[in-house]
Amino acid sequence: MTQHKNLLLKNQLCFALYAATNSIIRYYRIYLNEIGITYTQYLVLLVLWDLENCSIKNIATALKLDSPTITPIVQKLEKLNLVTRKRSKEDERIVVVSLTQSGLDLEGQVADIQSKVACKTHLKNKDFNELKESLNQLAETMTKKEKKLDSLLK
């Protein structure tokens, strides 16, 4: 048995976040499977519905991921006829992603899915929004600390 109480699983913030995230994503998968997209594809679509035409780099930044992670997801969305990819006329190195009509049409269905998953949390709107805001603040704080640490290590 551990001598360090902070090492107990029940005392781990990272595990609580991990377990909660997995629970929510499981519900998303149930509904997203019905329309033929994955959770990561859903996240990319969320960015595109918000920002419309967007570079791979901007999608990656919005999702706090790197570009090589986003590229295969976008390629699969393109095969599903939900997005198109084109090279920027100003800079050929930049790939711009745009929603197709099918991608635009999917937004209403996905909005319904998000509402269903939010309801599964059984949180009141106020609690739901406060939790979401706290988690966003935590992510922002951790990202700032990570960038600061990276700059010190270079």
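Beyond its neighbours within four places in sequence, Ser 98 is in contact (heavy atoms within 4.5 Å) with Asn 53, Leu 82, Val 83 and Thr 84. This is a predicted model, in which local features need pLDDT of at least 70 and side-chain atom pairs count only at pLDDT 80 or more, while totals for chains, interfaces and linings use all residues. Residues are numbered from 1 along each chain as its sequence is written, and side-chain values use heavy atoms, with hydrogens and water left out.

**Ser 98**
- Ser 98 lies in strand 3, strands (E) being DSSP runs of at least two residues and helices (H or I) of at least four, numbered from the N terminus.
- Ser 98 counts as buried because its relative accessibility is 17%, where buried means under 20% relative accessible area, exposed over 50% and partly exposed in between, with a 1.4 Å probe and protein chains only.
- The side chains of Ser 98 and Asn 53 make a polar contact at 2.6 Å; the term denotes a pair of N or O atoms within 3.5 Å, and within protein one must be able to donate a hydrogen and the other to accept it, residues adjacent in sequence counting only if both atoms are side-chain atoms.

**Strand 3 and its partners**
- Four of the five residues of strand 3 (residues 95–99) are buried, so this strand is largely enclosed by the rest of the structure.
- Strand 2 (residues 83–87) pairs with strand 3 in the antiparallel sense over five bridges, pairing requiring at least two DSSP bridges, and Val 83 has Leu 99 as its bridge partner in strand 3.

**Surface**
- Leu 135 belongs to helix 7 and is partly exposed, with a relative accessible area of 36%.
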